Amino acid sequence: MTDDQTPRLRGSETVWLDAAAQLLCEAGIDAVKVMPLAKLLGLSRTGFYWHFRDRDALLEALIQRWEAKNTGNLVARTEAFADNICEAMFNLCDCWLDDALFDSRLDLAIRNWARTDPGLQERLNRADVQRQDAIQSMFIYHGYSEAEAEVRTMTVLYTQIGYLSMRVQESHWKRLARVPDYVEVFTGQRPNESDVGRFMSRHLTEQG
């Protein structure tokens, strides 16, 4: 075995994490073990231990990935520049249409895992509070009262969680076409054509 071959046989941390996320989403937390991962990747167990101390270290890295990607990106989208609440809501809706911003399958898998892991449930609760605070602050910034902002925030979050838990099946294009109506429901305001156009243009290259 040459030095050039060794890294390929070990894989990378990202490769192992991607495989762990795949198994978690497809089969649940009990399926995320070293040997099934190695088999899935065609790599050896030794390669795993080059990157992670043990399975617990892998699971922690997986949770941190979820926290950074899903909660971190959601909060960032609520803070993106927007002239009005409809544009702000379109910014947030990017998360539901762009897997690079928000991994919906992983979010559902984490929620299912947390039902049997009290420590993870605490972290999930904190993440949900962060998301709620960020969306509520977005509404308040655009002139809504605290009470109205809270109710509208719950409507946004419960709708998204409902999409995940019900495993709603619809094409990318159908969901994209519905977003302006969702924005009107969430905000109580009809988005203008320029806001709709900018949002649509960001997603026209997506495949549904």
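Guide: The unreviewed UniProt entry places the feature "DNA-binding region" at residues 33–52; UniProt positions are given in the numbering used here, feature names are shortened, and annotations may be inferred rather than shown by experiment. The model is predicted, so local features need pLDDT of at least 70 and side-chain atom pairs count only at pLDDT 80 or more, while totals for chains, interfaces and linings use all residues. Residues are numbered from 1 along each chain as its sequence is written, and side-chain values use heavy atoms, with hydrogens and water left out.

Over residues 33–52 the chain is 75% helix and 0% strand, and the end C-alpha atoms are 12 Å apart. Helices (H or I, at least four residues) and strands (E, at least two) are DSSP runs, numbered from the N terminus.

The domain assignment gives domain 1 as 7–53 and domain 2 as 67–205; such bounds come from an automatic or database domain assignment. The C-alpha centres of the two domains lie 30 Å apart. Contact (heavy atoms within 4.5 Å) joins 4 residues of domain 1 to 5 residues of domain 2. Between them the domains bury about 500 Å², 78% of it on carbon and sulfur atoms. In domain 1, Leu24, Cys25 and Ile29 lose the most area to domain 2, together 85% of what that side buries. Buried area here is the accessible area (1.4 Å probe) that two parts lose on being put together, summed over both. Between the domains there are 0 salt bridges, a salt bridge being a side-chain nitrogen of Lys or Arg within 4 Å of a carboxyl oxygen of Asp or Glu.

Arg77 counts as buried because its relative accessible area is 18%; buried means under 20%, exposed over 50%, and partly exposed in between (1.4 Å probe, protein chains only). The side chain of Arg77 also reaches the backbone oxygen of Asn91 at 3.0 Å.

Helix H7 (residues 104–114) is mostly covered, with 9 of its 11 residues buried. The cover of these buried residues includes helix H2 (13–27), H5, helix H8 (118–141) and helix H9 (146–165). At the start of H7, a side-chain oxygen of Asp103 reaches to within 3.3 Å of the backbone nitrogen of Arg105. Within H7, Arg111 and Asp107 are 4 residues apart, about one turn of the helix, and their side chains meet in a salt bridge (3.4 Å, N to O). Arg111 is buried because its relative accessibility is 13%, and Asp107 is buried because its value is 1%. Asp107, Arg111, Asp128 and Arg131 are linked in a network of salt bridges.

Methods
A polar contact is a pair of N or O atoms within 3.5 Å; within protein, one must be able to donate a hydrogen and the other to accept it, and residues adjacent in sequence count only if both atoms are side-chain atoms.
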